[in-house]
Amino acid sequence: MSDKNKITRTKKINPLFGLLGMFGFLGFMGFWTYKTSGLVFPFIFFAFFGFFGFYYAGKMSDTLMDERFYENQAKAEKKANKITFIMIWLALLITGNYLAQFNIEYAFIALLILVSLAFALGFFMSQYLLYKYDHESFDDCEE
Amino acid sequence: MAEFECKLKYYRQLKDMTQEQLAEKVGVRRETIMRLEKAQYNPSLKLAIDISRIVDAPIEDIFIFD
């Protein structure tokens, strides 16, 4: 019997965990640290914006994972990954082709920010789209 | 998605079952049964077979594809 045939439920998550997305604002610290000490790693904190997705994960918490759930999950992740990939590809194109000609350091920072934001968007979108697909036209279905 | 007509509600009611009971027996959510009955969800072959066994009706009578 495959894992998908076992009856499992999603993790119990409080939607308030979505507030962890606020840590994404720590990314702005990077502008200050770069100016004062040349550190760029705090820009990675922009990826924490993705934690806003925990709000939707929380709304879907303790849900029975049936075949429709897996189907919606695959659909949501496919779309979210597509958006992330396109965003990273555009970031590489813009920074590599244009920004790098003027200032390689700024190009690297822009790339770091854009890739972090792309990861954040990817994580958020996968949770949001799963919730959206699962509740799509739900009102019409009520008995 | 392929369009089809679903007679699940009729066969379920013949068996005097609620959506909740049927959902529990086939291991899906009640919302999935709701969508199936409204022909808004195309089930897997396994789910279709499980349902047909429980409501005791042939698959082709429950799910009618053009």
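This note goes through some features of the predicted model, point by point.

1. **Ground rules.** Local features need pLDDT of at least 70, side-chain atom pairs count only at pLDDT 80 or more, and totals for chains, interfaces and linings use all residues. Residues are numbered from 1 along each chain as its sequence is written, chains are lettered from A and ligands numbered from 1 in the order in which they are written, and side-chain values use heavy atoms, with hydrogens and water left out.

2. **A nonpolar patch on chain A.** Which residues make the nonpolar surface patch of about 950 Å²? They are Phe85(A), Ile86(A), Trp89(A), Leu90(A), Leu93(A), Ile94(A), Tyr98(A), Leu99(A) and Phe102(A). Patch residues have over 30% relative accessible area and no salt bridge; like charges are joined within 9 Å, and nonpolar side chains (Val, Leu, Ile, Met, Phe, Trp, Tyr) within 5 Å. Areas come from the Shrake-Rupley method with a 1.4 Å probe, and for residues only the protein chains shown count as cover.

3. Leu93(A) lies in helix α3 of chain A, residues 67-102. Helices are DSSP runs of H or I with at least four residues, numbered from the N terminus. Leu93(A) has a relative accessible area of 32%, so it is partly exposed. The cut-offs are these: buried is under 20%, exposed is over 50%, and partly exposed is in between. Leu92(A) is also found in helix α3 of chain A. Its relative accessible area is 48%, so Leu92(A) is partly exposed.

4. **How α3(A) meets α4(A).** Helix α4 of chain A covers residues 104-135, and α3(A) packs against it at an angle of about 165 degrees, with the axes 8 Å apart. That angle makes the two helices roughly antiparallel, a label for angles over 145 degrees. Axes are lines fitted to C-alpha atoms over the stretch in contact, and angles run from 0 to 180 degrees between N-to-C directions.

5. The rule asks for a side-chain nitrogen of Lys or Arg within 4 Å of a carboxyl oxygen of Asp or Glu. One of them joins Lys7(B) and Glu5(B), at 3.2 Å from N to O. Lys7(B) is partly exposed at 33%, and Glu5(B) is partly exposed at 41%. Another joins Glu37(B) and Arg12(B), with the closest N and O atoms 2.5 Å apart. Glu37(B) is in helix α3 and Arg12(B) in helix α1 of chain B, so the pair ties together parts 25 residues apart in sequence. Both residues are buried.

6. Lys15(B) and Asp56(B) form a salt bridge, the closest N and O atoms being 3.8 Å apart. Each residue lies in a loop of chain B, so the pair ties together parts 41 residues apart in sequence. Lys15(B) is partly exposed at 39%, whereas Asp56(B) is exposed at 60%. Salt bridges that share partners also join Asp66(A), Arg68(A), Asp134(A) and Arg29(B) into one network.

7. **Helix α3 of chain B.** Is α3(B) largely enclosed or open? Six of its eight residues are buried, so α3(B) is largely enclosed by the rest of the structure. Among the buried residues are Thr32(B), Ile33(B) and Met34(B). Just after α3(B), Ala39(B) takes a positive phi of about 55 degrees.

Notes. Buried < 20%, exposed > 50% of the residue type's maximum accessible area, 1.4 Å probe, protein only. Parallel < 35°, antiparallel > 145°, perpendicular 65-115°, else oblique.
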